Amino acid sequence: MHDAAARRAAMVDSQLRTNDVTDPRILKAMGEIERERFVPGALAPVAYMEGCIPLGGGRVLLDARSFGKLVQLAGINTTDRVLDVGPATGYSTAVLSRLAAHVIGLEEDGKLRDAAEANLSAAGVKNAEIVAGSLSEGSPDQAPFDVIFVNGAFEIRPEALLAQLAENGRLVGIQRDGPAGHAVLYVRHEGAVGKRSAFDAQLPTLPGLAKIREFVF
């Protein structure tokens, strides 16, 4: 475990600090949460390497750089209610739980959902829960949310998710336009939703958030 702690520290120094992730709460959370617990056992040795880690079915654990920068972009407060869209095995929910008052992890894949619940329980997380549902539809019964964190990319404007933002609520994720991708921050204010772009990133598109492909005959 000492070796894992050293690798976590190296990840924070080389992948977060060098990429302008400066929020001490994020650095502390990602420096303490055991990332290797949230990946398949065979991939535990590479849990802290750069790049996304495949979890099966086209889903991944986000690379530390993209994840940390997205979390910082969201500007999470200790009083915030957060909807974590597509947490997969639960790593993102565990980190967000250190920053917010309560986190709801929305996962539609049954196996990943079971893994997330087990992992959060083992990590002793008390202020988060995993719920079943479509990633593109969000969790309207539990809305509104102060922050909606999208664990991946979307190719279409996530209207159903944006509708679940509270006043001054923020949604962050990766907007894909063809092969290019960039982080975006949506903010709801006085009934309108504004948007600004941040950094470039390449992440897989989440289920239900891809453009419908047109066939040419």
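Predicted model: local features only at pLDDT ≥ 70, side-chain atom pairs only at ≥ 80, totals over all residues.

**Entry 1: salt bridges.** I started with Arg 170, which forms a salt bridge with Asp 80; the closest N and O atoms are 3.0 Å apart. Arg 170 sits in strand E7 and Asp 80 in the loop between H3 and E3, so this pair ties together parts that are 90 residues apart in sequence. Buried or exposed, I wondered about Arg 170? Arg 170 is buried, with a relative accessible area of 13%. Asp 80 is buried as well, at 4%.

Next I checked Arg 59, which makes a salt bridge with Glu 107 at 2.8 Å between the closest N and O atoms. That pair also links distant parts of the chain, with Arg 59 in strand E2 (residues 59-61) and Glu 107 in strand E4, 48 residues apart. Arg 59 counts as buried at 7% relative accessibility, and Glu 107 is buried at 0%.

Then I looked for a local pair. Glu 32 and Lys 28 meet through their side chains in a salt bridge, 2.9 Å from N to O. Both lie in helix H2 (residues 24-32), four residues apart, about one turn of the helix. Glu 32 is partly exposed, with a relative accessible area of 36%, while Lys 28 is exposed at 51%. I had the total counted too: it comes to 10 salt bridges.

**Entry 2: the strands around E4.** I went back to the strand that holds Glu 107. E4 covers residues 102-107, and five of its six residues are buried. What joins E4 to E3 (residues 81-85)? Five bridges do, and the two strands run parallel. Two facing pairs I wrote down: Val 85 stands opposite Leu 106 in E4, and Leu 83 stands opposite Ile 104.

On the other pairing, five bridges join E4 to strand E5 (residues 128-132), again in parallel. Glu 107 turns up here too, with Ala 132 in E5 as its bridge partner. I followed the chain from E4 through helix H5 (residues 110-122) to E5 and got a right-handed β-α-β crossover.

E3 got its own check. Four of its five residues are buried, so E3 is largely enclosed by the rest of the structure. E3 also pairs with strand E6 (residues 145-154), in the parallel sense over four bridges. In that pairing, Asp 84 stands opposite Phe 149 in E6.

**Entry 3: the cores.** Which residues touch the most other members of the largest nonpolar core? Among its 49 residues, they are Met 30, Phe 67, Leu 70, Val 71, Ile 76, Tyr 91 and Ile 174. Helix H3 (residues 64-74) gives the most to this core, with six residues. A second, separate core has 18 residues, including Val 85, Leu 106, Leu 171 and Leu 209. Back to Phe 67: leaving out residues up to four places away in sequence, Phe 67 touches Met 30, Leu 62, Tyr 91, Ser 92, Val 95 and Phe 149.

**Entry 4: a buried glutamine.** Gln 164 is buried at 6% relative accessible area. What does the side chain of Gln 164 reach? It reaches the backbone oxygen of Ala 160, at 3.0 Å. Beyond its neighbours within four places in sequence, Gln 164 has contacts that include Leu 83, Glu 137, Pro 140 and Phe 145.

Methods. Residues numbered from 1 in each chain as written. Heavy atoms only, no water. Buried < 20%, exposed > 50% of the residue type's maximum accessible area, 1.4 Å probe, protein only. Polar contact = N/O pair within 3.5 Å; in protein donor to acceptor, adjacent residues only side chain to side chain. Contact = heavy atoms within 4.5 Å. Core = buried A, V, L, I, M, F, W, Y, C linked by side-chain atoms within 4.5 Å. Pairing = 2+ DSSP bridges. Right-handed = clockwise from strand over helix to strand, strands pointing away. Salt bridge = Lys/Arg side-chain N within 4 Å of Asp/Glu carboxyl O.
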